[in-house]
Amino acid sequence: CSIIKCFRTLCCKGPPPPRPEYDVVCIGLTGAGKTSLLSRLCSEASDGIVPTTGFSIKAVPFPNAILNVKELGGADNIKKYWSRYYQGSQGVVFVLDSASSDEDLEAARNELHSALQHPQLCTLPFLILANHQDKPAARTPNQVMTESIPLR
């Protein structure tokens, strides 16, 4: 009887416990790199990526959790609908192009501030990702934080 109990303990643990899942919304202007980021996190091919015209949802697996990321397109005609997709979010990823023009960075700052003040997002954790660091014109994350996207 003790041999069977030992065998069950060592070999028959059953399926691993389910990883917790978290719902995250990913926003940013068109061309910031939201789709490329998610494709890379999901180990998908990144060639032929086109801007998201509505929204897409990807399950991003991590060792201890799964992030269900709702990526929202960043075009002007889509941004006005972002708030319809915020409900149920447990975190926000804001992606910006650190090599963009001053004008586009100002537009990104305005969108970020709108998101930070939105009632469904204002209490959630935010990750602000300064993407395109490989481009020559890229601002450093510190420049983005202190000069380009200062919190008002």
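Trainee: Where does T52 lie?

Mentor: This is a predicted model, in which local features need pLDDT of at least 70 and side-chain atom pairs count only at pLDDT 80 or more, while totals for chains, interfaces and linings use all residues. Residues are numbered from 1 along each chain as its sequence is written, and side-chain values use heavy atoms, with hydrogens and water left out. Helices (H or I, at least four residues) and strands (E, at least two) are DSSP runs, numbered from the N terminus. On that basis, T52 is found in the loop between helix 2 and strand 2 (55-61).

Trainee: Which feature does UniProt place at T35 and T52?

Mentor: UniProt positions are given in the numbering used here, feature names are shortened, and annotations may be inferred rather than shown by experiment. The record, an unreviewed entry, gives T35 and T52 the feature "binding site". They span 18 residues in sequence, yet no two of their C-alpha atoms are more than 7.3 Å apart, so they gather at one spot. T35 itself belongs to helix 2 (residues 34-41).

Trainee: Is T35 buried or exposed?

Mentor: Buried means under 20% relative accessible area, exposed over 50%, and partly exposed in between (1.4 Å probe, protein chains only). The relative accessible area of T35 is 17%, so T35 is buried. T52, at 16%, is likewise buried.

Trainee: Which residues does T52 touch, not counting residues up to four places away in sequence?

Mentor: Contact means heavy atoms within 4.5 Å. With residues up to four places away in sequence not counted, T35 touches I49, V50, T52 and E71. Under that same exclusion, the residues that T52 touches are T35, E71, G73, G74 and I78.

Trainee: Why is the pair of F55 and Y85 classed as it is?

Mentor: Rings of Phe, Tyr and Trp (its six-membered ring) pair if their centres lie within 6.5 Å; planes under 30 degrees apart count as stacked, over 60 as edge-to-face and the rest as tilted. By this rule there is 1 aromatic pair. The ring centres of F55 and Y85 are 4.8 Å apart and their planes stand at 45°, so the pair is tilted.

Trainee: How many residues apart are F55 and Y85?

Mentor: F55 is in strand 2, whereas Y85 is in the loop between helix 3 (76-79) and strand 4 (91-97). The pair thus links distant parts of the chain, its members being apart by 30 residues.

Trainee: How many bridges pair strand 4 with strand 5?

Mentor: Two strands pair if DSSP finds at least two bridges between them. Strand 1 and strand 4 run parallel and are joined by 4 bridges. Strand 5 (residues 126-131) also pairs with strand 4 in the parallel sense, and V95 has L129 as its bridge partner there. The number of bridges between strand 4 and strand 5 is 6.
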